[in-house]
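Here is a friendly walk through one model, with the working definitions given along the way. Have your viewer ready and follow the headings.

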Amino acid sequence: MKKIVVFASGNGSNFQALLDAVHNGNLQAEVSLLVCDRPGAFVIDRAKNAAVPFFVFQPKEFLDKEEYESQILALLKEKKIEWIILAGYMRLIGQTLLQAYEGRIVNIHPSLLPAFPGKDAVGQALEAGVEQTGVTVHYVDAGMDTGEIIAQEVVEMIPDETSDSLQAKIQKVEHQLYPRVVKMLLDGKKEATSI
Ligand code: GAR
């Protein structure tokens, strides 16, 4: 069974979707660890409920990114983790993890990248008044949501779209798409643009 770690900062609904996919037999993987950079985030409760080990840290308690990523890396090696899955982790990945897990770190983002990278992609799409937005799963590099795109799915905007309604539609797509793409990656397939 391939071992994965999920990095998350907040609610953790995508973490939950991955756990559910494993539970339902749709994803053959072991979620061996949750890494969270915000003590108090709801995703930690989700890990506790599912008996998934977690590592919670506060970046300000470390000298720099290299120091906390080295600590995380030691844990990942100890647990023989093969893939890093970012799910609402609101922090750039540094060289320590990028070099150790080159080509094996993926992220989900709530827009059709390269449109609306960074924070509040849903708000950015509403502000721009576009007719379509969506979800992207991509490999992670040193940039902000700049890595090679693996899969995208379109979400149509309606005329009176609100932040809440758009957020709900996007998350529904995310919860289907991410487990499917992670499954495909663990199966050794690289391209998923047509799924
Ligand atoms: C998700 O919509 C994810 O795409 C987004 O944060 C949300 C986390 O939700 N990620 C980013 O914006 C990354 N730039 P969740 O905590 O319920 O999974």
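## Helix 1 against helix 6

Is the crossing of helix 1 and helix 6 left-handed or right-handed? The crossing is right-handed, which by definition has the near helix turned clockwise from the far one by less than a right angle. Helices here are DSSP runs of H or I with at least four residues, strands are E runs of at least two, and both are numbered from the N terminus.

This is a predicted model, where local features need pLDDT of at least 70, side-chain atom pairs count only at pLDDT 80 or more, and totals for chains, interfaces and linings use all residues. Residues are numbered from 1 along each chain as its sequence is written, and side-chain values use heavy atoms, with hydrogens and water left out.

Helix 1 (residues 13-23) packs on helix 6 (residues 163-186) at about 50°, with axes 9 Å apart. Axes are lines fitted to C-alpha atoms, for helices over the stretch in contact, and angles run from 0 to 180 degrees between N-to-C directions. The two helices are therefore oblique to each other; angles under 35 degrees count as roughly parallel, over 145 as roughly antiparallel, 65 to 115 as roughly perpendicular and the rest as oblique.

## Helix 1 against helix 2

Helix 1 also packs with helix 2 (residues 42-49), at about 20° and with axes 9 Å apart. This pair is therefore roughly parallel, and its crossing is right-handed. Ser-13, Phe-15, Gln-16 and Leu-19 of helix 1 touch Val-43, Arg-46 and Ala-47 of helix 2.

## The largest pocket

The largest pocket holds about 750 Å³ of space. A pocket is an open set of points on a 1 Å grid over the protein atoms alone, where a 1.4 Å probe fits, with protein on both sides within 12 Å along at least five of seven lines; lining residues have an atom within 4 Å of a point. Of its 33 lining residues, Gly-88, Tyr-89, Met-90, Ile-108 and Pro-110 are the closest to the centre. Helix 6 gives the largest share of the lining, four residues.

## Two backbone details

Leu-113 and Pro-114 are joined by a cis peptide bond, with omega about 10°. Pro-114 sits in the loop between strand 5 and helix 5.

Lys-80, a residue other than glycine, has a positive phi near 55°. Its place is the loop between helix 3 (65-78) and strand 4 (83-86).

Definitions and conventions:
Grid points are joined across faces, edges and corners, and a volume is the space filled by probe spheres set on the points. Contact means heavy atoms within 4.5 Å.
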